[in-house]
Amino acid sequence: MSGTSPIVVLDGVEKSFGAVRALTGVTLELRRGECLGLVGHNGAGKSTLMNVLSGNLSPDAGRITVDGADITGRLTPQNAVAHGVRCVYQELSLCPNLTVAENARISHPSIAGVGWRRAARELISGMLDQIFPGHGISTDHLVGDLSIARRQMVEIARAFAVTRAEAKVVILDEPTSSLDGVAAKKLLAYVRRYVDAGGTCVLISHLLGEIFDTSDRIAVMRDGGVVALDRAKAFDRNSLVAAMGSVAERAPGQARGGAAIRETASIVVQARPRIPETLSLAAHKGEVVGLAGLSGQGQTELLVQVFDHAAGAQVSGEVALVAGDRQTDGIFPLWSIAENISIGSLRRFLKGPFLDHVAARAFAEEWRKRIGIRTPDVGQPILSLSGGNQQKALFARALGSPAEIIVMDDPMRGVDVGTKQEVYGMIRDEAAKGRTFLWYTTEMDELTNCDHVYVFREGGIVADLPRAEMTEERVLHASFRADA
Amino acid sequence: MTALLRKPWLWAWLGALAVWLATATFTHGRGSAEVLSAALTFGAFFVIVALGQMFVITLGPGNVDLSIPACMTLAGTVAMKTMDGAASMIPLGLVLALAIGAGVGVINYALIRLLRIPPIIATLSSSFIFQSAAIWWNRGLRVKPPEALADFTTAKLAGVPVIAIAVVLMAVAGHVLLTRTIYGRGVVAIGQNMRAAHLAGVRVERIRAATYIMCATLAGLCGYLLSAFSGGAALNMGEEYLLSSIAVVVIGGTSVAGGFANVPGLWGAALFMFLLVTMLNTFGAGAGVRLVLTGLIIIGVIVAASGGKRGT
């Protein structure tokens with residue numbers, strides 16, 4: 001399956017951000033016709049390494065060779081594309097104010113002259129059809145109006161599209177984190193087809209299942225270096241997790257007797273999506289309620305409805321939200337990590353009418369330790385963190401707030417396996433203390449942590465499943481067809 | 001030292017110091033104390049309106065209050081006419097000016113919120129209405145301010161204008177409001193990402209309303225004090241405050257894109273703006289040259305300031 005001739009050779013690549021050594025001499029080669037799986041903790045250096053390869057960051061030391069040409073020091077994003085290196089960014093790189101077709105044109109400058117718009121439309125819609133048949137995206141939509149899942153699809157299709165510039169190496173940084181299971185499967189199947197036709201792909205993911213299914217070789221990164229590299233078949237789940245250095249994965253979380261909570265605890269949230277013919281959702285005090293279904297089926301809208309105490313939702317208690325689309329809904333980019341965490345519970349730091357910044361800082365520092373945000377100092381800018389660590393800061397903001405009800409909008413995007421287990425544990429502990437969680441997730445594994453699951457389809461709730469009756473099959477079944 | 005170099009307000013203060021020294025060198029020090037005293041007085045008026053404008057601009061892209069001049073004029077004329085020179089009416093005049101400012105703010109915010117008009121258009125169009133109201137009210141002669149009030153605006157304490165001292169205290173209060181209150185944190189959060197601020201629990205609309213009302217109220221106060229200072233209200237008294245209020249905010253190191261603000265820079269920038277014009281006058285530059293140089297120097301300071309790294 002995997003060819004042998006290297007197309008990209010990274011030799012001793014180093015990169016530091018101030019005191020943080022993000023890459024400590026990485027040597028790695030990518031071969032033609034292979035998919036390399038890249039795994040590691042949040043902040044292990046995966047995204048940094050790929051940003052170096054795609055020309056966004058220039059390395060402090062080391063050499064980079066693409067297709068036999070040494071391009072160290074001359075690697076800019078434009079130059080990388082010219083050499084056939086494409087990147088699908090975790091934070092997405094589309095312009096929200098332009099249409100899908102116009103965004104396609106930006107990274108394919110050879111589309112020019114009269115009729116460029118039509119050419120761009122054909123290029124991107126052809127690619128979308130190939131990778132995500134039935135995607136339902138119009139090329140004339142503004143990207144800003146698309147859901148995050150669809151934006152992700154556009155970004156992926158754009159990276160694989162071939163014009164005058166070839167796509168020899170495609171880097172996928174957490175491509176499935178904002179896609180639902182069905183779209184993710186389509187993407188991974190396409191990756192195999194692309195690789196089998198001689199392309200090279202780097203797949204970064206925290207979902208070990210898809211790494212095993214899709215990769216020919218797997219590289220494990222830890223603390224800025226590659227600590228293990230071998231054929232995918234040489235690893236199993238446990239050896240991979242051990243190489244990453246995290247605690248071995250526990251069996252999928254066990255929800256406590258959800259039925260018992262339903263019988264005794266009072267209802268704190270009752271909400272009904274704003275469409276006719278839908279079930280309504282109820283959450284009891286101390287319950288973890290899952291919102292399932294394909295992505296973008298009205299789950300986020302319902303969470304915001306609950307958050308706003310809007311019409312259609314009866315909510316008793318304060319609500320805090322953990323954003324999943326962190327660029328749009330979560331992060332304050334000019335602020336430090338500490339400021340981003342403490343904004344959720346400012347009232348706690350009031351001394352008279354004034355805020356006590358020292359107390360707020362101490363509070364953020366305490367959460368840094370509790371949730372393991374990888375930074376030497378919470379006074380650093382939030383943007384100095386990797387995506388997964390930014391997400392941890394958003395968790396800290398909500399869990400640290402005094403809110404009794406916490407709504408989570410697919411919050412585990414880009415969070416590594418070890419941290420996920422810790423956060424699941426925190427959620428269970430907080431629920432046991434009487435907090436109520438509404439948890440939208442597109443990952444089946446996470447639903448097993450819930451006491452009760454509601455499945456969404458086309459804006460409404462189509463199934464109401466207690467934990468005991470919830471199976472992957474039933475959730476999928478409800479996601480696609482009307483549930484009788 | 002590096003911490004000081006990163007302060008966003010540093011460049012405005014350095015600029016002010018540089019033009020003052022240049023003027024003093026040119027005149028061999030003659031009159032430089034008087035220049036400084038005048039700068040403090042006029043700077044105080046700039047800072048009053050810029051303080052409100054700073055909070056508005058910090059709310060994020062598109063947020064700006066263009067009705068400041070009209071609001072100043074309306075508050076000034078109504079207050080002057082009501083007081084009609086009587087000392088006993090001074091408090092009532094002040095209350096009226098502040099109330100008119102607050103009313104202007106409420107109308108501005110209502111246009112923005114209820115009719116969903118972009119702030120720049122809403123405040124511009126409302127300013128025509130306020131300006132016309134001022135013209136209609138002011139028909140007839142120029143009313144002199146009560147003597148006691150006029151004296152207050154020109155009074156000095158140990159050689160320092162009393163009004164400057166008062167406005168320095170206001171600026172300190174503004175600084176505390178920005179950095180140490182839930183309101184201030186909310187303004188800065190909204191300016192970075194309005195949706196994220198809402199979802200983090202910031203009361204976005206309340207804060208926006210309060211900010212527009214505060215800005216207009218400060219404009220009302222400035223109109224009241226300025227018409228007392230200059231011997232009566234005039235219909236064009238607010239004119240130069242439109243662009244100056246924005247320029248002072250931006251030169252002071254506040255981000256014009258929102259989400260990042262500081263108060264000390266307002267004073268530095270206000271002094272800089274006044275001293276710059278004074279310097280060019282002293283050099284005997286003609287009106288045309290003066291305007292060109294003013295523009296170039298402002299660009300220079302902004303470029304220098306944005307070259308430095310920003311910290312919060």
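Student: How much area do chain B and chain A bury between them?
Tutor: In this predicted model, the contact between the two chains involves 22 residues of chain B and 24 residues of chain A. Of the area buried between chain B and chain A, 61% lies on carbon and sulfur atoms, and the total comes to about 2,100 Å².

Student: Which side chains meet in a salt bridge with a distance of 2.6 Å, N to O?
Tutor: Across the interface of chain B and chain A the rule finds two salt bridges, and it also finds eight residue pairs in polar contact, with both residues at pLDDT 80 or more. The salt bridge at 2.6 Å, taken from N to O, joins the side chains of B:R195 and A:D329.

Student: How many residues does the largest nonpolar core have?
Tutor: Among the residues with the most contacts inside this core are A:L281, A:V306 and B:I251. Leaving aside neighbours within four places in sequence, A:L281 is in contact with residues including A:V269, A:L291, A:L438 and A:I461. Another core, which includes A:V100 and A:C201, lies apart from it and has 51 residues, whereas the largest nonpolar core has 172 residues.

Technical notes:
Residues are numbered from 1 along each chain as its sequence is written. Chains are lettered from A and ligands numbered from 1 in the order in which they are written. This is a predicted model: local features need pLDDT of at least 70, side-chain atom pairs count only at pLDDT 80 or more; totals for chains, interfaces and linings use all residues. Side-chain values use heavy atoms; hydrogens and water are left out. Contact means heavy atoms within 4.5 Å. Buried area is the accessible area (1.4 Å probe) that two parts lose on being put together, summed over both. A salt bridge is a side-chain nitrogen of Lys or Arg within 4 Å of a carboxyl oxygen of Asp or Glu. A polar contact is a pair of N or O atoms within 3.5 Å; within protein, one must be able to donate a hydrogen and the other to accept it, and residues adjacent in sequence count only if both atoms are side-chain atoms. A nonpolar core is a set of buried Ala, Val, Leu, Ile, Met, Phe, Trp, Tyr and Cys residues joined through side-chain atoms within 4.5 Å. Buried means under 20% relative accessible area, exposed over 50%, partly exposed in between (1.4 Å probe, protein chains only).
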